[in-house]
Amino acid sequence: MTKRPIRFYQVGSFAVGNRLLSEGDRTVQSDPSRTNSIDSGHRACQGCGEALGARYALDAAMRATNNQLVAVNATGCLEVFSTPYPETSWRIAWLHSLFGNAPAVATGVAAALRVKGHTEVRVVSQGGDGGTVDIGFGSLSGMFERNDDVLYICYDNEGYMNTGVQRSGATPPAARTATTDVVGPQPGNAFGQGKDLARIAMAHDLAYVATATVADLHDLEAKVERAMQFRGARYLHVLVPCPLGWGTASSETIHVARLAKETGMFPVFEAEFGVVTSVSKIRHPTPVEEYLKVQKRFAHLFGKNPRPEMVAHLQELANRNIERYGLLDRAEPASGVVSGEEPA
Amino acid sequence: MLRQIEGSRAVAETVALCRPEVVCAYPISPQTHIIEAVGVMVKEGRLSPCEFINVESEFAAMSVAIGASATGARAYTATASQGLLYMMEAVYNAAGLGLPIVMTLANRAIGAPINIWNDHSDAMAVRDSGWIQLFAETNQEAADLHVQAFRLAEELSVPVMVCMDGFILTHAVEGVDLLDQATVDAFLPPYDPRQVLDPANPVSIGAMVGPEAFMEVRYLAHLRQLDALHRIPAIAEEFFETTGRRSGGLVRPYRTEGADTIVVAMGSVLGTIKDAVDIRREAGEKIGVVGITSFRPFPSLEVREALRHATQIVVLEKAFSIGHGGVLATDVAMALQGTPCVIREVVAGLGGRPITRQSLVKLFYRASQGELGSLLFLDLEHDVVDREVSRMRATRRSGPSAENVLRDLGATRGEGALS
């Protein structure tokens, strides 16, 4: 579907090298005449996954809409680091209202554009996982249910990072945050499994739902482009590692995002009208341990008092993803990864 | 055209004449009839172009209005009570962003205990939000104020809330002279936004503002409200010239000439107060009333001018600040600083308690005899309160007060206790 047929990979990574592609197949970012929706000089941390993801997503959306785009932003890192008064990084029409209402504000923008006959102008609403799966959840579900003509993009870094790394409904099991230390015997997230909003979005029978990571930016751009081919409510969930909150080196953002996908912890797929239409297969089956060990938020699973049962639990969750979405080719058995289960 | 019409319907018809382009709706009594009637007009094509958005909450209703207004559309919604509180964060946000949304507030009490009837607690809860708050005395004024509200909001880029008493006005059928489209079109030019989301000319709206500029942005909002103190009477005057009808303005005195005692109030209760004032005037008492139409901005100078020759001011209001006293009375006291006027606060009509002419006549008589204390709760059932107070003193687990009070009322009035 949205996959590009070309597969050149640079040595030692899976990143597609723009230089190896024809110009038409290169990323929007490699185009010197790209919009630069989020200009340089903003205050994001070094290695911020969200800044990277948002830049690619919005520039791709700008190209897909012939620069006829309005963006609505929930409160959160992206809003704060992009508009330190009196500066703004936004070179597109951009509105921030509140933490929990970005989908409804976008509904209002779309309604105003429709009533004024500006149907060529499209609307993107965006927020972090807190603004999406927690405080903005009712508003988002309402926007989905009304099928308003809005692409909602969630940049998921699995916690409230702007306020100092607190637990959100998207925080995975066992991940250590400032607010999970206090609620259980173990330092990690004591409950839940991370609210799976992509599946909840699919349950609303949206025209288009997709997930992506900042490890595959071609894929992210392609999904934004695909999303813009539909009218009505659409949802894109992008995993964006947070060096601060995850306890990873700034240089590791892409690598960690790739491990999330390669371990099956974060399934990358797209769905149309509630049916999965494509998945990004795991290329190098990897035990979740490799994903967890590079992040300080999971360090307590491997320290003086290791918790192999929690690692096993996380592996089970990854296996369930692998099975649910068919992330492994049958031809590539995941020896030692799927713990004896044959993927569907 | 004079029509015998329900207040909600009159407001809906008038709002439609204002050509709102985005109307968002979430049901809550007693505003529901307004939004339903607007919806029917959208469906029938009488209001076109207009997007009618059914939202999943009041919070979303105001948020949709924010998005629409920031995109250059004239946006309208209506709410009441709990709904207003549920959208509170967005109410402040709309004002902070300077978006000229118009909202009808069908005034209603706030729970708990849950109560759907009229008082002004909801409007008082958002007093400091930065919205202009206009109070209608009659359904005619409620309808007219909406036309003036859109004009005022859009001139100043400030949202305006038209407050009308829930049920007492919204559900009352009476004669209302509805305007025609040509008159409204002549009075209300198309919305020309000060700021708009436009891909051809991109701006950032809603940026983070730190300590270096927040006070200035807030002060500018205050200045716009001070501007409104000039624009509200000017717009009301222009409305009078266009329609021949006195609606709106800042304050409205009635029989205050030579008055020793002046009553101050807002909303529909002014009608009953005027009747009671007439009765007391006939009895020879020097009493008058000043109705306040513009609660925010508060017209301190006009209030002072209207009241300063009286010796006693009775502020009768349908809300109060628990643990303190009157809210409107505090503003009136501020306006009267340095004058010898004595202020009597009267809290009345909470949760829909009828404010009868009889009670008011008695109240005004007592006022004339100098019998009023500084704070009085009109028609409060003291025996019921006393029973609950002694119950709470006697028993630690005395139970929920609301249910106890209802049970006591049933017992004392022979209506059978709640079981």
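This is a predicted model: local features need pLDDT of at least 70, side-chain atom pairs count only at pLDDT 80 or more; totals for chains, interfaces and linings use all residues.
## Interface between chains A and B

Chain A places 38 residues in contact with 38 residues of chain B. On the chain A side, the elements that contribute two or more residues are strand S1 (69–73), helix H2 (77–82), strand S2 (93–96), helix H3 (102–115) and helix H5 (137–146). Of these, H3(A) gives the most, with 11 residues.

S2(A) pairs with strand S9 of chain B, residues 204–205, in the parallel sense over 2 bridges. Within S9(B), Ser204(B) stands opposite Trp94(A).

## The sheet across the two chains

An open sheet is formed by 9 strands, in the order S8(A)-S7(A)-S5(A)-S6(A)-S4(A)-S3(A)-S1(A)-S2(A)-S9(B), with mixed pairing.

Helix H7 of chain A (residues 217–227) lies across S4, S5, S6 and S7 (269–272) of chain A and runs at about 165 degrees to S5(A).

## Helix H5 of chain A

H5(A) is among the elements on the side of chain A that touches chain B. Its buried residues are Ser139(A), Leu140(A), Gly142(A), Met143(A), Phe144(A) and Arg146(A). The buried residues of H5(A) pack against H3, helix H4 (129–134), S4 and helix H6 (197–203) of chain A, and also against helix H3 (58–70) of chain B. After H5(A) comes Asn147(A), which has a positive phi, near 60 degrees.

## Nonpolar core

The largest nonpolar core has 230 residues. Val109(A), Val238(A), Val22(B), Val64(B), Ala65(B), Val160(B) and Val162(B) have the most contacts inside this core. From chain B, domain 1 (2–243) and domain 2 (251–377) each supply at least three residues to the core.

Val162(B) shows the surroundings of one of these residues. Setting aside neighbours within four places in sequence, Val162(B) is in contact with Val102(B), Thr104(B), Leu105(B), Leu134(B), Ala136(B), Ala142(B), Leu145(B), His146(B) and Ala149(B).

## Domains of chain B

Chain B is divided into domain 1 (2–243), domain 2 (251–377) and domain 3 (382–412). The centres of domain 1 and domain 2 of chain B, taken over C-alpha atoms, are separated by 27 Å. Between these two domains, 26 residues of domain 1 are in contact with 21 residues of domain 2.

On the domain 1 side, two or more residues come from each of helix H6 (121–125), strand S6 (132–135), strand S7 (160–165) and helix H9 (214–243) of chain B. H9(B) gives the most to this side, with 5 residues. By class, the domain 1 side has 15 nonpolar, 7 polar and 4 charged residues.

Notes. Residues are numbered from 1 along each chain as its sequence is written. Chains are lettered from A and ligands numbered from 1 in the order in which they are written. Two residues are in contact if their C-beta atoms, placed from the backbone, lie within 7 Å. Helices (H or I, at least four residues) and strands (E, at least two) are DSSP runs, numbered from the N terminus. Two strands pair if DSSP finds at least two bridges between them. Axes are lines fitted to C-alpha atoms, for helices over the stretch in contact, and angles run from 0 to 180 degrees between N-to-C directions. A nonpolar core is a set of buried Ala, Val, Leu, Ile, Met, Phe, Trp, Tyr and Cys residues joined through C-beta atoms within 7 Å. A residue is buried if 20 or more other C-beta atoms lie within 10 Å of its own, exposed if 12 or fewer, and partly exposed in between; C-beta atoms are placed from the backbone. Domain bounds come from an automatic or database domain assignment. Ala, Val, Leu, Ile, Met, Phe, Trp, Tyr, Cys and Pro count as nonpolar, Asp, Glu, Lys and Arg as charged, and the others, Gly among them, as polar.
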